[in-house]
Each structure stands twice: as structure tokens, then as C-alpha cells.
Amino acid sequence: MGVVIVLIVVVVASVVFHLVSPWGLTELASNWYSMDVMLHLSFAVTGVVFVAVMAFMIYALVKYRHRQGQRAAYTPDNRRLEWWLLGLTTVGIVALLAPGLAVYNNFVNPPDDAMAVEAFGEQWRFHYRYPGEDGEFGRTDTRLISSDNPLGLDPDDPASRDDIVIADGALRLPVDRPVQMHLRSQDVIHGFFVPQFRAKMDMVPGMVTHFWFTPTRTGEFEVLCTQHCGIAHYRMRDDVLVMEQDDFDAWLAERRTFGDQMAALEEREEDEDVRWGRELADSEGCMACHTADGSRSIGPTWLNLYGSEVTLDDGSTVTADADYIRRSITDPRAQITEGYPPAMPAYDFEDDELDALLAYIRSLTDDDTPPTENGTGD
Amino acid sequence: MAYSASADSHAHHEPQSFVRKYIWSQDHKVIAIQYAVTAIGVGLVALVLSGLMRIQLGFPDSGLIDAEAYYQFMTMHGMIMVVYLLTALFLGGFGNYLIPLMVGARDMVFPYLNMLSYWFYLLSVLVLMASFFVPDGPTGAGWTLYPPQAITGGTPGADWGILTMLVSLAIFIVAATMGGLNYVVTVLQARAPGMTLMRMPLTVWGIFVAAIMALLAFPALFVAAVMMILDSTLGTSFFMPAIIAMGQQMDHEGGSPLLFQHLFWFFGHPEVYIVALPAFGLVSDLISTHARKNIFGYHMMVWAIVIIGFLSFFVWAHHMYVSGMNLSFGYFFAISTLIIAVPTAIKVYNWVLTLWKGDIHFTVPMLFAIGFIVTFIVGGLTGLFLGNVVVDIPLADTYFVVAHFHMVMGVAPILVVFGAIYHWYPKVTGRMMDERLGHIHFWITFLGTYAIYFPMHYLGVLGMPRRYYDYDYDFIPQSAHDLNTFITVVALAVGVAQVLFLWNMAWSAVRGRSSGGNPWNATSLEWQTPETPPGHGNWGPELPEVHRWAYDYNVPGAPQDFIPQTEPRPTSAPGHGHREDAT
Amino acid sequence: MSFWVRREPERGSLEPSSGIGHWQGPVSRGPALRRGLYTFLLPLASLFGLVIMAYIMRRHMPDWQPVALPWQVWLSTLLLLASSLAFEQARKAARLAHLPALRRAVLAAGALALAFLGSQIWAWADLQQQGGYLEANPSYSFFYLMTGLHALHLLGGLVAWSRLRMASRLGADRAALQLSIQLCAIYWHFLLTVWLVLLGVLVIMA
């Protein structure tokens, strides 16, 4: 009988938990109210089934528990009952499936006037792109990706000249306007999920995936990666700002187009060593862990690094001069900056390569020149 | 093929040496125990890993393990539990022990192959464990091993770890294929006289169908593993598109990461049922025996097993609703997935209806069976959420998924494993397990796992993504972190409580009450062996003859409340037994 | 796969090969082994079927370049066909209890299978010469994967064949020999079918 009492407690506790639990859906911020309805419908239907089947089982356990001299009935089957149960179950399944597929149909077909926005995943951050005035994204190619062109746009494609690339910044969206997300990735599979928007989709390298939603209230949200993408998966996140249409338009108008960025880069006067250093930093994988724009990554940023005071993990401070930086490249674990993991492997560069890298790092300062969008001010 | 029967009659002797009898044994019972002990051993490793992960999740400031270790443990925990524990235990352990005994065979039809199967399995386990000791440790790619992530530098163990994992899986598949061949052919070919297919206990049906599914599904994993090995070592581009990983342009071009996912889940979804179907079968027999009543709707149960097995090959992409595959596939897979819920629901009804008008003994196996029904109902119903594509979209890759599959293919089958061990232990050792310890073990395990996984669904509804090392996010309230701490505490308690079970198994083997041959008064063949534990060859000189199905409990007019399958039918007693089958 | 089972052909020999004599039992070896072999073909069919499915899914991508099939694959086809036919000859000889013919046919079947493997290696080498490396294009990767998996399975078959050859030279029991030949023949025909299907896929859906 103890079993029966415990089972009753389990059923009642489950139902009560569902009703009073403080953990539930976040406040909705998109048009996918219908997904919430489907979720609640599923809870209701399955909840009824759960309670009914459990109640029947508990009743059977009480009524037919073993007592002295009791014998069980011999009933191999009961075809009528079985067909009834089969029919009822099918009805319940259809009741869940039919509205579900109707909502899904809505999810599959984005509205025609949806605004296209691209989100681009890389280990472990997001970048974004707006198609600009022509409403079309320019061609991309993974091989064109560099620190100057983090999304790999093809500069020769006219459609890409008016694209607006937002590297390492929040995603901004206008409220009450349908958005068709175009998702890409440069390395591994990532996921794009804003809990308040409900809808999500993976970002798969080598292809473009899509989904749509309409933000319905302004505010600040977080996008998180939902597909395991390596050691820092749990930290892959970004801000999403939903703003009034006017504010959004004003913000977007201030951005430089990709074409302008490229033109600015071409005019850039650059020391031969600095250019070589930047190429080395790209090709040798430095930029996987370090940034040139001041944002935090696996390793310390290079912006304003040269000449700064660095606090080490033993509490002492050193000045990041040429010797220090050289040493940090060839023997990185000798001195670890406070707050960063000792994750960097030792690099074996030629002396002139080290000089080039050093020249590049030294050039990364925002003292006199403002940084461009993708952070390689010089 | 007529051969002289006397030619070898002088060779009547038991194998003498210890090594021959217990190590290089070809006896299905010894192999079953080898399989079970190895599987439980490796399962304990996975249990400890999950405890370490839970400590990180419940107490993120403890700093006990770093992110790298977290992902590695997560991967190993998942893979071990699904493949190396559950699959191996149900097929290699229970399948090996019970199939020949339940169908009335002397052994598996290919005993030597059976032995090889175990040794390959052991080798695969050793290779897997070796990955803890290779440079950079085991892979941290998650048990789904999705490329490109699994073989690029941002993931722990992307060189040696993933290779040892894939090689180990390939060896495991060879072992499972050898075993599966044996189980299938033994059921088809070596049944005792009178044992028609429709007289077999549901345990045999469950394992039989699962073995066929394993034969068909594992090659998908094998192909995927071979292709990934080639991608990572020889630079082919089956799954690898042109990518820049960790700042390096990689020499791949045009491969398709989704192709891997299709192959993986073509294996992965049937795999769920490879674990579930044997559990369905075993639990049916537990319920029937301990409720002293025939299983309700035997034919329906058999057909449900077969239909579930068949349909499970057409639902794989419900794991990929948000993977970026063509969205129109979602309609088909949502429908096929929810269709599978119908035969599954039938099984639940029939278990409950078996209890109806029964004579229910609350023995330890029965308690575990009841625990299974409760857990399975919850896990099955939440499956309706995730199968219904539009409900899955917000819930995919959140803790709702984690809670769902732990309920339905973690806890539910494990409860059956425990129940089945308490049930068949007397046959294996000739001794009963301790009842009181069993009760304590049951209550801690059942209530504990329920308290872990039921609330966890709500963390998923909240939107907490799975596979996160910590959860420093604005939308997650402090109370959710507190719930996580609670879950960790319960999980650790449940984990530690398994010591009770291990102790009970060890202690009872030596000191347990002697059980006799048929302590539960059960009808099926394995309880009718001349010796307990069954001797070499199981049946003595004469094979048993089967006259009825395996569920003749409380037959009206019978003197006892059970009639063994070997009992001949009285020539004129229509009430006895229930139907003739001509299979 | 006869080589996985101990060859003690007494009736009902379900002996767990530990020296126990004959038990009365319902199992006779022939049907069990045949059924075992047919069951074994299930995962193999699944394996090759899935590779073909993967091939079909993959070839829709834009970077696909068809493989220029080396001419040797046609030679391979003939050799494997002949090897299969030789097994049929051996089967007939076994039925007629004509031991010398049986030995000849078994030897021929194995030799032809080895020649098939040789021809495959030649084909791979030729393809490499023309720049068709494993990683040249996914189509080439698939070509090597398909032909490689097939060759490995034939290699496994040759292990069984070598035991059959040994048995036929020692003049083993006729019924046992007949069974082994039959099993090998079934396996060979299966691999021939797989080869023809693979070749068909490679030609039609290049």
C-alpha cells in the first residue's frame, strides 16, 4: 500500500508543480504566440492522459493487490476494448498534430515583405549583415574571409557594395517588421536562438539556412548558440536590440557600406611590415583567440596592447614592450595575463616574421585614428 | 547429413579448466555474465562522469572541472550509456542469457561467434577507455559527434580523441553484428519442439526485433565513422565544407555536414528502440509474472513491437527539425513520428490492463516495473512535444530534450534492467537478492530520478540550452540556478545509492537465501531447467517440449496459479490454455 | 560464414565446442548456417545501400565532378562474374561427388577472385596516375570508398575460401564440403550483385 500512496503523491505533486512552478516560458517578444499555444495545448492533452492512466493504474494496484486466497482473472485479450483505445489514441494524436502542422506551415512560409538579415557564426561570436538599399546580399566565399572582410564578401559583386557588415556588434532589428534570417557559419555548426523569440535554427557551414519571425516589443535580448560548437560554446552569445523603426533607420543610415569600407582600406597607408604582420596573424590562426578591436576573446586583445601595463596571474605587472610580446609568442606560458587561461601553444616564427607581427601589434592603437567597423584602424 | 551418433560419445565431459569454463567460454550463460559485468562496469564510469558534470552545473563556482573536461565527460557519458551500457547489456547480457533458455535451445547456434562477439565488445570498451589517456584526452564533441566540430581544433580531443572514439565504435559494431546474427538465427532456428513464434515470451520478441534493427541500423553509424575517419586523416570532404577553423583555412571543399546527421540519426533513432524494445519485452514478463496474470493482448503486443521496430526507420529526421534541412521534410517526419506514438501507447495500456483484475505481488521486480510504467508515460508523453515539429522548434537543444530522453531511454530502461536483474538473479546464481535492500534501492532510484528529470523539463521550457558549461545569462533567474543545485544534490544521492545495488548483488551471490529453481512460480521455459543455475547445455539429455504460451497464470480450473509451458494440455479441457497457433 | 563455426559436423551439433558430445537438439547445421549467412547479408546490404544513398545525396552539390572510370573496372566485372560461375561449377561437382573437378573449380574461383582484387588495385593505381586522388573530389572519395569496402568484403570471403580449399584438398566429409561450397557461393553471388549495383550507380549517376 505504501506504493500506492507514494504514486498518488507523485501524480499530485507533478500536477501542482506544473501549475505553480516559477520556471516557465520567458515573456514572448515575437509573433510566435501560436507556438506557445501549441505548447500549452500539448501540456493540457498529455497532462490529462498522464493523470487518467496513472489514476487507473493506481486504482488497479489498490483493488487487485495480493491478498490471501485471491486469484487473478484469465482474460487474454479484449479486442473491442483494444480497438477503442487505439481509436481514442489516434484521435488525441490528430488533435495535437493537425494544429501543429498548421502552425508549422506558417513557419515554413515567410511573409513576402520580410526584411532579410544575415547572421554569421564563427567560433565563438556572431556577426551580422544587412543587404543595403538593393535588398540583396552580395556573393560570399569562405576563401575571401580575412580580418578586413570577416564575412567573406566578394568585393567584385556589385550587390555586395551596399551591404552593411556589422562585425562584433549587437544585432539591431526594427519592431513589428517580419525578419527573414539568413544564417551562415564559417567553421562549425552553430545555433541561433533568442529564447523570447521562440524560433531557432542551426547555422551550417557550407550552406545558408533560414527562418523568420517578427519582433513584437522593443528591448534588449540575448541571442545564444544552441548547437555544440566547441570548448567555448556556452559563452557564444550576443545582444539583440529591438528598436522603433525610426531609430533603426537612423542607426542603419550611419553605418558604412561594405564598398566604403573596402575603399577606406585601399587608401590606408600601411607599412610593409604591418601588412605582412596582419597577414601572418590571419594565416597562422592568431585571430582565433585574439582580437584587434578591443573585444574580449580567448586571449587578450591586441588593441592598445603595445606599451600598456599588463597584470600577470601572479599579481605582478609588466610593461608590454617588444621583448615581452616576442616572449609571449615564443614561450606563451612563461607569463600569463591575469584572467586568461594558459591555452596558447608556443609559436616558432622566424625573426623577421616576429618583427612583422610586432609591427602589426604596435600599429593597433586607437589613440589617433578612429577604428573602422571591423576594427583594423591604423 | 547423417552421421554416426556414437562417434563422439566418449567425449561427454564438462570443460575442466577454469580458463576454459569462465574466460574463453562459449557457453551463452557465461558470455552473458561477461557482457553484463563489463557493461555495468563501464556504466559506472559513465555514472561518475555524470556526477562530476552535475557538480559543475549545480555549483558553477566550485571549479572542480574545466570546460574542456566538462565537454569530454559529457560526450563519454552519453556514448557509454547509450551504446556501451544499454545496447550491450540488453542484447549481449539479457539477450545472451535469456534467448536460448526461453526458446528451449542448448546454446546460441554459433557459440564460437558468440564468444568472439564478447571479446570484440571488450576490445571496443578498452579502446574507448584508452581515449582518456591519449594526447588531449577523449573527444568533447558530444555523443552526436557532429562534424565539422568533431574534427576541428576548437573542440577538445579533435585529433586522437575522436579517432579512438570512431575506431572503438567500429569495433563495437562488429561485435554487435556478430551477436545480433546469433540472436536472430537462434530464435529462428533453435526453438524447442512446440515453441512457435507466437508462444515466445515477449522478452524474446523484444530482443529479437531489436537485434534485427541493430543489424540494419548500425551499418549507418559504421559508414559515418569510416567517412569521418577519412575526412580527418586523409583529407577527403564527405562531411567537411570549405571552412576556416581557428583562423586556418582547411583543405576541404564542398562536403555536407547534414549528410552526417542523416546517417547518424538513421542509426540513432532506431538505436533508441534497440534499447527500448528489449525493455518493453522484459517489463511485460515482469508484470505478467508478478501480477499472476496473463499479459493483456499478447498478439497486439507482438505486433506493436514489430510495427514500432519497422516505423522507427522512418522517423530519424525528427532529430533535425532545426538542423537547416529542407523545412518541408518537417511535415513528413512529424506525421511519421506521431504515428509511432500509437503502437507505443497501446503497449502502455496493455501493461496497465494486465494489472487489472490481477493478483498483484509488490515484489522488488514488480516495483521496478511500476516505476518503469510511470517514467515511461512521462517520457513518452513529452516525446509528443518534441515529435510535433512546431512545438519542437522552441524546445530543441534545450533541457527539455535532455529531460525527455533521460526519462524515456535513460531512466525507464535502467529501471527495467534493475527489475530484470532482481527477477532473474535467482536463475543465474541460485540465490535470492536481499528484499529489504532492494526496496530501499528502488525507492531512492525511482523517486530520485523522478525528482531530477521532472523539474528539468521546465528549465527547457524556460529556454536553457543544453551542453552549456555554465549559465551566466540574464533571462535565467536565480531560482533556476537553485533548481539546478537541487537536481545536482539529488543526482549525487541517487548515484551513491547504486552502491546498495552493487553490494546486494555481491553479497547475495555468497550469502543470499537459496532460491530453488522457480522462486516466482513463473511459466516460461527458463524456470523449468533441471538444474539451477542451468548446467552446460541447459536441459540435460532431453530438450523440453512446449505445449502452451508463456502466460498461463491463474487458468480457470487449474490447481496451481501457473502452468509451465512444458505442461502438456489435457486432451479435453477447452478452458486450458487459450489458443492454438500455427506459426 | 562457415569459418566462424567449428567444423564438427555431427547431427545436432550445437555443442558449445567444449568437447561435449551430441545432444539431442532440433538444430541441424546446414539450415542454421545458411540462415546465418542470409542474416549476415542484411547488415551488408544496409551498409552498401547507405553508402549509395549518401552518394546520391552528395552528388547534388555543385562542386561534384564525375569520376572518369578506369577501364579496368570492366575487366574486374568479368573476373568477378567468372569467379561466381566457378563456384557454381564447384557446386555442381560437389553434387556429382566429382572430387577432382571440385578441387579445380574451387581453385579457379579463388584465383579469379584474387585476380579481381588485382584488377581493382590496377584500376586504383591508374586512377591515381591520372590525378584522381582520394581527396581530389568527393566523387573520387566515394569511388574509393565504395570499391574499397567491396574489396575488403571479398577479402573476408577469401579467408573462408582458403579454409574451403584446405578442406577440399584434405578430402573432408562430402556433406560438409558441399555445405561450405554452397555458403561461399551465396556470399560470392551477393558480392557480385553488390558490385554490379555499385558499378551501375557509378555509371548511371556519375
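The expected span of a helix is taken as 1.5 Å times one less than its number of residues, and helices (H or I, at least four residues) and strands (E, at least two) are DSSP runs numbered from the N terminus. The model is predicted: local features need pLDDT of at least 70, side-chain atom pairs count only at pLDDT 80 or more, and totals for chains, interfaces and linings use all residues. Residues are numbered from 1 along each chain as its sequence is written, chains are lettered from A and ligands numbered from 1 in the order in which they are written, and side-chain values use heavy atoms, with hydrogens and water left out.

**Figure 1. Helix H7 of chain B.** Helix H7(B) covers residues 257-290; at 1.5 Å a residue, its 34 residues should span 50 Å, and the 49 Å between its end C-alpha atoms agrees with this. A bend of about 30° occurs at B:Trp265, where the bend is the angle between axes fitted to the seven residues ending at a residue and the seven starting there. Of the 34 residues of H7(B), 34 are buried, so the helix is largely enclosed by the rest of the structure. Buried denotes under 20% relative accessible area, exposed over 50%, and partly exposed in between (1.4 Å probe, protein chains only). Just after H7(B), B:Arg292 adopts a positive phi of about 50°.

Figure 2. Strand S6 (residues 190-193) and strand S7 (residues 200-203) of chain A pair in the antiparallel sense over four bridges; two strands pair if DSSP finds at least two bridges between them. In this pairing, A:His190 lies opposite A:Met203 of S7(A). Six residues separate the two strands of the hairpin, and in the turn A:Arg198 has a positive phi of about 75°.

**Figure 3. The interface between chains A and B.** Two pairs of chains touch, and the pair A and B has the most contacts; contact means heavy atoms within 4.5 Å. On the side of chain B, 122 residues are in contact with 99 residues of chain A. The area buried between these chains is about 9600 Å², 70% of it from carbon and sulfur atoms. Buried area is the accessible area (1.4 Å probe) that two parts lose on being put together, summed over both. One salt bridge is counted between chain B and chain A, a salt bridge being a side-chain nitrogen of Lys or Arg within 4 Å of a carboxyl oxygen of Asp or Glu. B:Glu253 forms a salt bridge with A:Arg143, with the closest N and O atoms 3.1 Å apart. Chains A and C, by contrast, do not touch, and their nearest C-alpha atoms are 10 Å apart.

**Figure 4. The surroundings of B:Asn504.** B:Asn504 belongs to helix H14 (residues 478-511) of chain B. This residue is buried, with a relative accessible area of 0%. Leaving aside residues up to four places away in sequence, B:Asn504 touches B:Tyr422, B:Met433, B:Asp434, B:Leu437 and B:Gly438.

**Figure 5. C:Leu44 within chain C.** Chain C contains five helices and zero strands, and buried residues account for 56% of its 206 residues. C:Leu44 is located in helix H1 (residues 29-58) of chain C and is buried, with a relative accessible area of 5%. Beyond residues up to four places away in sequence, C:Leu44 touches C:His153, C:Tyr187 and C:Phe190. The C-alpha atoms of C:Leu44 and C:Phe190 are separated by 9.5 Å, although the two residues are 146 residues apart along the chain.
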